[in-house]
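Colleague: I would like to learn how to read a structure feature by feature. Please show me the structure and take me through it.

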Amino acid sequence: MADPLDALRPLMAAHSPPLHAIIVPSEDNHQSEYVSERDKRRQFVSGFTGSAGLALITMNEALLWTDGRYFLQATQQLSDRWKLMRIGEDPTVETWITDNLPSEAIVGIDPWCVSVDTAKRYEKAFSGKKQQLFQLSSNLVDEVWKGRPAAEASPVMVHPLEFAGCSVQDKLKDLREKLLDENAYGIIFSSLDEVAWLYNIRGNDVAYCPVVHSYAIVTIDSAFFYVDKRKISSEVQTYFSENGIEIRDYSTVDSDVSLLASGQLNAGNKTNDDTGKQLKSNKIWIDPSSCCLALFAKLSADQLFPQQSPLALAKALKNPAELDGLKKAHVRDGAAVVQYLVWLDSKMQELYGASGYFNEPQGEQERKSPDEKLTEVSVSDKLEGFRAKQEHFKGLSFPTISSVGSNAAIIHYGPEPNTCAELDPDKIYLFDSGAQYLDGTTDITRTVHFGKPSQHEKSCYTVVLKGHIALDSAVFPNGTTGFALDVLARTPLWKNGLDYRHGTGHGIGSFLFVHEGPHQISYRPDARNVPLQSSMTVTDEPGYYEDGNFGIRLENVLVVKDADTEFNFAGKGYLGFEHITWAPYQKKLMDLTLLSPEEIEWVNSYHSDCRKILAPYMNEKEMEWLNKATEPISTSV
């Protein structure tokens with residue numbers, strides 16, 4: 001296939017005005033992390049398949065920025081025509097542009113695919129050399145992408161109230177109260193998970209993400225849903241009508257935002273909500289981190305209310321039904337993971353002569369069945385099969401990271417059928433996986449070895465486990481952010497001169513996105529922005545990755561809860577965590593001399609709970625394996 005660079009550069013030169021560069025981000029019109037096949041423009045131009053990254057194409061150079069999760073992967077996937085720019089180590093894209101492109105250079109961007117925040121950051125950086133961020137009327141990548149996938153028309157589904165836990169009417173009522181509090185007349189929603197959460201709908205427009213390509217506009221007295229109407233059944237049409245929401249075609253959001261700005265956006269049906277307040281305002285609320293530049297440009301400066309979406313926090317604070325569903329989903333998911341480990345342990349012994357999950361080999365391990373093999377892809381397919389048998393299963397929540405040996409050092413490794421590695425009993429195996437269930441989204445990572453781990457591998461595994469336990473056990477005052485807690489998971493690694501290039505925890509959705517904000521546990525500065533609150537979910541996933549050798553990560557999902565402390569300094573109230581992920585840690589990979597008695601007791605307590613919670617899902621063979629995997633570790637010297 002011809003290199004897209006060779007097709008893009010003539011278009012850039014012929015453009016009016018001529019373009020010195022174009023920016024090709026990973027995001028779609030909704031600033032999504034995961035996008036549909038037809039929106040993978042950055043992947044198309046660069047060949048890099050990671051979920052995060054940004055391409056810059058000039059007339060002579062091509063550069064790709066990505067974060068630490070993908071450094072190794074990008075090195076392997078980029079051709080020699082591309083230069084890898086490491087976020088956090090190399091200059092930012094806007095700094096590179098100002099340093100390397102001439103004064104008054106024109107940089108093209110699709111205004112639908114860049115957020116207001118990002119565009120403002122670029123424009124501020126460019127101003128010193130009078131460089132211009134130019135809004136393109138069409139996406140140049142689309143013009144050269146022959147065979148670009150068509151938009152699918154997957155049906156919109158109503159998410160049952162038993163799982164949503166809060167009706168659309170109640171959500172709209174709460175939202176309108178927030179609008180009134182801020183003296184705002186209306187609000188525009190671009191984030192796909194926010195639209196899905198607000199209207200209690202789900203879909204299949206993006207792989208691994210049960211969302212619908214759509215927008216929402218809500219005013220004090222109206223609500224609109226912008227979607228491809230082919231996706232709307234008569235039942236869904238009735239559902240929206242009964243909730244006072246008007247369905248409009250996806251493409252009309254552009255003109256409707258202009259009508260909203262001029263006070264002329266009228267609904268066929270006004271809401272019956274009695275707000276009890278009179279509002280005289282034309283202020284429109286947008287979230288600058290998710291609203292695209294194209295819609296922002298329709299609004300005048302004096303009517304903008306640019307603040308974080310009120311739904312970001314509301315969605316992160318799980319209601320009782322969502323918490324109950326998440327806990328139940330994680331139990332079933334843990335059962336599937338254990339069933340997978342039992343199967344994999346047996347197969348590794350049967351085919352490869354491995355000593356297995358529990359034992360270290362006494363002599364050489366000898367392959368028993370040379371005609372049959374296990375690969376990273378074939379075993380991950382088997383894991384999906386175990387999950388698919390569980391109640392309410394709707395699919396995976398992200399592509400399974402199934403990685404052996406040096407591949408496990410690639411933090412977000414994605415195995416491909418034709419190039420993936422074969423399993424090896426002499427190497428570490430890491431699998432990071434999750435599923436979408438009607439009642440919750442899951443995400444779990446375990447690292448195992450079916451042969452004889454080296455002392456170095458054991459030491460590394462154990463300090464990762466120590467960090468994992470330290471975060472899980474944390475107690476902290478209300479108002480604490482994930483930025484303050486991140487150090488707890490890293491300290492055991494730092495003491496050994498180790499670290500990892502990713503955050504320690506992210507929120508997780510309720511049958512929505514596997515990565516959910518606005519909170520996080522991370523060393524990144526924006527983790528300072530949102531304190532953790534009771535009923536939030538967050539992952540606990542420290543790791544260590546040794547390029548060319550192995551990778552280790554351990555991940556559970558935690559729920560933030562009120563902590564019962566003896567004292568209550570300054571009346572703040574204290575918080576802690578409850579883990580809701582259930583699958584054992586491999587004792588064979590632990591160096592018990594590095595664990596304190598308290599840490600050993602934590603492992604024993606967790607394993608005891610695993611046994612009890614997962615027992616109803618196990619057959620006799622699986623239960624025998626689980627009992628052995630969760631036998632208490634002796635604390636005697």
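Modeller: Start with the record: UniProt, in an unreviewed entry, places the feature "domain: Peptidase M24" at residues 372–561. UniProt positions are given in the numbering used here, feature names are shortened, and annotations may be inferred rather than shown by experiment. This is a predicted model, in which local features need pLDDT of at least 70, side-chain atom pairs count only at pLDDT 80 or more, and totals for chains, interfaces and linings use all residues. Residues are numbered from 1 along each chain as its sequence is written, and side-chain values use heavy atoms, with hydrogens and water left out.

Colleague: What are the helix and strand percentages over residues 372–561?

Modeller: Helices (H or I, at least four residues) and strands (E, at least two) are DSSP runs, numbered from the N terminus. Residues 372–561 are 23% helix and 27% strand, with the end C-alpha atoms 48 Å apart.

Colleague: Is Val-404 buried or exposed?

Modeller: Buried means under 20% relative accessible area, exposed over 50%, and partly exposed in between (1.4 Å probe, protein chains only). Val-404, in strand β16 (residues 401–404), has a relative accessible area of 5%, so Val-404 is buried.

Colleague: Which residues is Val-404 in contact with, leaving aside neighbours within four places in sequence?

Modeller: Contact means heavy atoms within 4.5 Å. On that basis, and with those neighbours left aside, the partners of Val-404 include Glu-376, Leu-423 and Ile-428. Val-404 and Ile-428 are 24 residues apart in sequence, yet their C-alpha atoms are 5.9 Å apart in space.

Colleague: In what order do the four strands of the open sheet come?

Modeller: Two strands pair if DSSP finds at least two bridges between them. The order is β21-β28-β27-β24, with antiparallel pairing. β21 (476–477) and β24 (537–540) each have a single partner strand, so they stand at the edges and one side of each is left without a neighbour in the sheet. Strands β27 (residues 556–562) and β28 (residues 574–579) are joined by five bridges; in β28, Phe-577 is the bridge partner of Val-560.

Colleague: Where is Ala-570, and what is its phi?

Modeller: Ala-570 is in the loop between β27 and β28. Its phi is near 60°, a positive value in a residue other than glycine. Ala-570 counts as exposed because its relative accessibility is 62%.

Colleague: How is a pair of aromatic rings described?

Modeller: By the distance of the centres and the angle of the planes. Rings of Phe, Tyr and Trp (its six-membered ring) pair if their centres lie within 6.5 Å; planes under 30 degrees apart count as stacked, over 60 as edge-to-face and the rest as tilted. The structure holds 23 aromatic pairs. One of them is Tyr-340 with Trp-343, which is stacked at 6.2 Å centre to centre and 20° between the planes. These two are separated by about one helical turn because they are three residues apart in helix α14 (residues 320–352), and both Tyr-340 and Trp-343 are buried. Trp-582 and Tyr-606 also form a stacked pair, with 5.2 Å between centres and 20° between the planes. Trp-582 lies in the loop between β28 and α18 (597–614) and Tyr-606 in helix α18, so this pair ties together parts 24 residues apart in sequence.
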